[in-house]
Amino acid sequence: MSARPTIAVVVPCFNEEAVVELFHDRLAGVMLPLGVAWTVIYVNDGSSDRTLRCLEALQAKDVHAALINLSRNFGKEIALTAGLDHVSADAVIVIDADLQDPPELIPSLIAEWRAGYDVVYAQRRTRDGETWLKRKTADGFYRLMQHLGARGIHLPRDTGDFRLLSARALSALLQMREHHRFMKGLFTWIGFPSKGVPYDRARRKGGSSSWTYWQLWNFAVEGITSYTVMPLKAATYLGLLVAMLAVLYGGVLIVRTLLFGNAVPGYPSLMAVVLFLGGAQLVTLGVIGEYLGRVFNETKHRPLYWIETHRPSRLMPHDAGAASWQATGPDVT
């Protein structure tokens, strides 16, 4: 680490016109007094509002700002990866633009990094402005993920993408180029010394969340299937359980036939057994299909994203380029 470290901040943006200027003002107010060389990389993920124009204006007036405009909406995980691909710094900080995660926590993250931690994650104590249902489902998701992780991998509870990564942690992270990306799981998978910094999550300062409950459900499925193969094991155990129940029920039928004769089974019980077995089979096939679909997508070897415009910061114009990663495709400027 250099005597005057370089800090890069990566901010994925999707329809954030109402808050991105306020975010940049608060970020600059935090970073300037630190006395470090810094840059912020905004990634416009196919926004349909005036977010791109706002970012272009910020990039034009502030030498610290860089802009990556993706060719379409690729999703937050890919947009975040695009920003990280263009980082050349001693450490990188990932944060959203909605100001629910306060930029004022960044000095604490940097302090822990200076103390020797490669990954410093912000851990939520409270979640202001969120409904009871969203808080409970989020808590249940994190509890589930803690128990589904592979041996030695434990996803921290109440932790989003807001965190700091050292240069070597970032280098390790960028070597994983899968398309189905659950970044919280990838941050944990790379290991390295890590520490959490607690904070209180605030309300959005402008606009509204683009996440619906259906999208959150799909995100949870994506996270689980990308993070662990436990659902496949659960399907196997379900099949074994059904087989054992079938053997036991078969034994009951044999004993009953020997003792009481061959009675014709009733229609309701027959339908119950058929529907139960059919449901178990369909659930198992669905789990297998989820993983098979991911294998199918990975075997295509398509680029993770395409860049329509890349404008490096004027303060540090020699940032890393996506062309260094064959999987991302060239920049189009």
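This dialogue walks through a predicted model, one feature at a time.

Student: What should I know before I start?

Tutor: This is a predicted model, in which local features need pLDDT of at least 70, side-chain atom pairs count only at pLDDT 80 or more, and totals for chains, interfaces and linings use all residues. Residues are numbered from 1 along each chain as its sequence is written, and side-chain values use heavy atoms, with hydrogens and water left out.

Student: How many helices and strands does the protein have?

Tutor: Helices (H or I, at least four residues) and strands (E, at least two) are DSSP runs, numbered from the N terminus. The protein has 10 helices and eight strands.

Student: How do I read burial?

Tutor: Buried means under 20% relative accessible area, exposed means over 50%, and partly exposed lies in between (1.4 Å probe, protein chains only). Of the 333 residues here, 43% count as buried.

Student: Is strand 3 mostly covered or mostly open, and what about its faces?

Tutor: In a regular strand the side chains alternate between the two faces of the sheet. Strand 3 (residues 65-70) is mostly covered, with six of its six residues buried. Ala 65, Leu 67 and Asn 69 are buried on one side. Ala 66, Ile 68 and Leu 70 are buried on the other.

Student: Which strand runs parallel to strand 3?

Tutor: Two strands pair if DSSP finds at least two bridges between them. Strand 2 (residues 37-44) runs parallel to strand 3, joined by five bridges. Val 40 has Ala 65 of strand 3 as its bridge partner. Between these strands the chain passes through helix 2 (residues 51-61), and this β-α-β crossover is right-handed. Right-handed means that, with the strands pointing away from the viewer, the path from the first strand over the helix to the second runs clockwise.

Student: Which strand runs antiparallel to strand 3?

Tutor: Strand 8 (residues 307-311) does, through four bridges. Leu 67 has Arg 311 of strand 8 as its bridge partner.

Student: What is the phi of Leu 99?

Tutor: Most residues other than glycine have a negative phi. Leu 99 has a positive phi, near 70 degrees. Leu 99 sits in the loop between strand 4 (91-94) and helix 4 (106-114). At 1% relative accessibility, Leu 99 is buried. Phe 192 also has a positive phi, near 70 degrees. Phe 192 lies in the loop between helix 7 (183-189) and strand 7 (194-201), and is partly exposed at 31%.

Student: How many salt bridges are there?

Tutor: A salt bridge is a side-chain nitrogen of Lys or Arg within 4 Å of a carboxyl oxygen of Asp or Glu. A search of the whole structure finds nine. One of them joins Asp 85 to Arg 177, with the closest N and O atoms 3.0 Å apart. Asp 85 is in helix 3 and Arg 177 in the loop between helix 6 (167-173) and helix 7, 92 residues apart. Asp 85 is buried at 2%, and Arg 177 is buried at 16%.

Student: What is linked to Lys 76?

Tutor: Lys 76, Asp 96 and Asp 161 are linked in a network of salt bridges. Between Lys 76 and Asp 96 the closest N and O atoms are 3.0 Å apart. Lys 76 is partly exposed at 26%, whereas Asp 96 is buried at 13%.
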